[in-house]
Amino acid sequence: MIIIFLGPPGAGKGTQCKVLVERYRMNHLSSGDCLRRERRNNTELGQQAQSYMDKGQLVPDELIVAMMMKEIEKTGVGAGVVLDGFPRTLGQAHELDRLLERAGKNIDAVINLQVDDNELELRITGRRSCSGCGAAYHIVFNTPRQENICDKCGQALVQRSDDTAEIVKNRIATYHKQTAPLVDFYQKKNILKNLEGNAAIEKITANLCRMMDEMITV
Ligand code: AP5
């Protein structure tokens, strides 16, 4: 099964993707996590991506597509994969279609997590991410058991450098301009499933699982 998780920055894509990994044994490929790994390893791609990420802009398609094609091929599309944050432009979506066509595979569903802009700012500026495993917490909505320590791996929680109020505004504007057109693109292909995201994490998870169970039993 191939699932794309679409949604604005801070909508909760990463948070809900963890459910697909744990409950449905899917592989999770997050383009943002891949880029942050490249940055930590100080690779050429990481250095090239940094200036775009720090401004809340998208990394150019040619860099992202090359990176994600490698990641997808490494993971394989046979076992079940959820793509989080990719594709994010129509150009990326066409490249993904080409890759899947060559592999004889289809996208099963595009889950569009819908959240209001003012809620996104609250979620992102309050996010704290684990410096070890990348798990996301929130200072109000999703706190760790021990302050500033990851429940899962015990590493320190940090604020992502692009989670400041100013950069968040740019990320949201970038989403509306360059990524929102994908909603229409996948709607026309009849594979778009809207998921209400202005709710508590557990409620969204319950609705997501219902959606997944329906897809699996069809
Ligand atoms: P990326 O890392 O993909 O960031 P993003 O899309 O902006 O998404 P986030 O990771 O910020 O949010 P999320 O939706 O996963 O939310 P989360 O679950 O953490 O990309 C970063 C940058 O990399 C981009 O700006 C771009 O430069 C570059 N990039 C990446 N992919 C690219 C591509 N394909 N092309 C070009 N450039 C690319 O939740 C957020 C917070 O809210 C957390 O604190 C969480 O605990 C909390 N929360 C979650 N759900 C709820 C809820 N229901 N109620 C209350 N709080 C909640």
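In which strand is the place of S30?

## Residue S30

In this predicted model, S30 belongs to strand β2, which covers residues 27-30. The relative accessibility of S30 is 8%, and because buried means under 20%, S30 counts as buried. A polar atom of the S30 side chain lies 3.0 Å from the backbone nitrogen of D33.

## The parallel sheet

Strand β2 is part of an open sheet of 5 strands, arranged in the order β2-β3-β1-β4-β8 with parallel pairing. At the edges stand β2 and β8 (192-196); each has a single partner strand, so one side of each is left without a neighbour in the sheet. From one strand to the next, the twist averages 20°.

Within this sheet, β1 and β4 run parallel and are joined by 4 bridges. I3 has A109 in β4 as its bridge partner. Helix α9, residues 201-217, packs on the sheet and touches β1, β4 and β8. The direction of α9 makes about 155° with that of β8.

## The antiparallel sheet

A further open sheet consists of 3 strands in the order β6-β5-β7, and its pairing is antiparallel. Its edge strands are β6 (136-138) and β7 (157-158), each of which pairs on one side only. Strand β5, residues 127-130, pairs with β6 in the antiparallel sense over 3 bridges. Here R127 stands opposite H138 in β6.

Helix α6 (residues 117-125) lies across β5 and β6. Relative to β5, helix α6 runs at about 45°.

## Helix α7

Helix α7 comprises 15 residues, 165-179. At 1.5 Å a residue it should span 21 Å, and the 20 Å between its end C-alpha atoms agrees with that expectation.

Which residues of α7 are buried? They are I167, V168, R171, I172, T174, Y175 and T179. Seen down the axis of α7, these buried residues fall within an arc of 160°, so they line one face of the helix. In general, an α-helix has 3.6 residues a turn, so residues three or four places apart point the same way. The face of α7 turned away from the buried side carries the exposed residues E166 and K177.

The buried residues of α7 pack against elements of both sheets described above, including β1 (2-6), β4 (109-114) and β5. They also pack against the helices α3 (44-55), α6 and α8 (181-188).

Key. Residues are numbered from 1 along each chain as its sequence is written. This is a predicted model: local features need pLDDT of at least 70, side-chain atom pairs count only at pLDDT 80 or more; totals for chains, interfaces and linings use all residues. Side-chain values use heavy atoms; hydrogens and water are left out. Two strands pair if DSSP finds at least two bridges between them. Helices (H or I, at least four residues) and strands (E, at least two) are DSSP runs, numbered from the N terminus. Contact means heavy atoms within 4.5 Å. Axes are lines fitted to C-alpha atoms, for helices over the stretch in contact, and angles run from 0 to 180 degrees between N-to-C directions. The expected span of a helix is 1.5 Å times one less than its number of residues. Buried means under 20% relative accessible area, exposed over 50%, partly exposed in between (1.4 Å probe, protein chains only). The arc is that of the directions from the helix axis to the C-beta atoms. A polar contact is a pair of N or O atoms within 3.5 Å; within protein, one must be able to donate a hydrogen and the other to accept it, and residues adjacent in sequence count only if both atoms are side-chain atoms.
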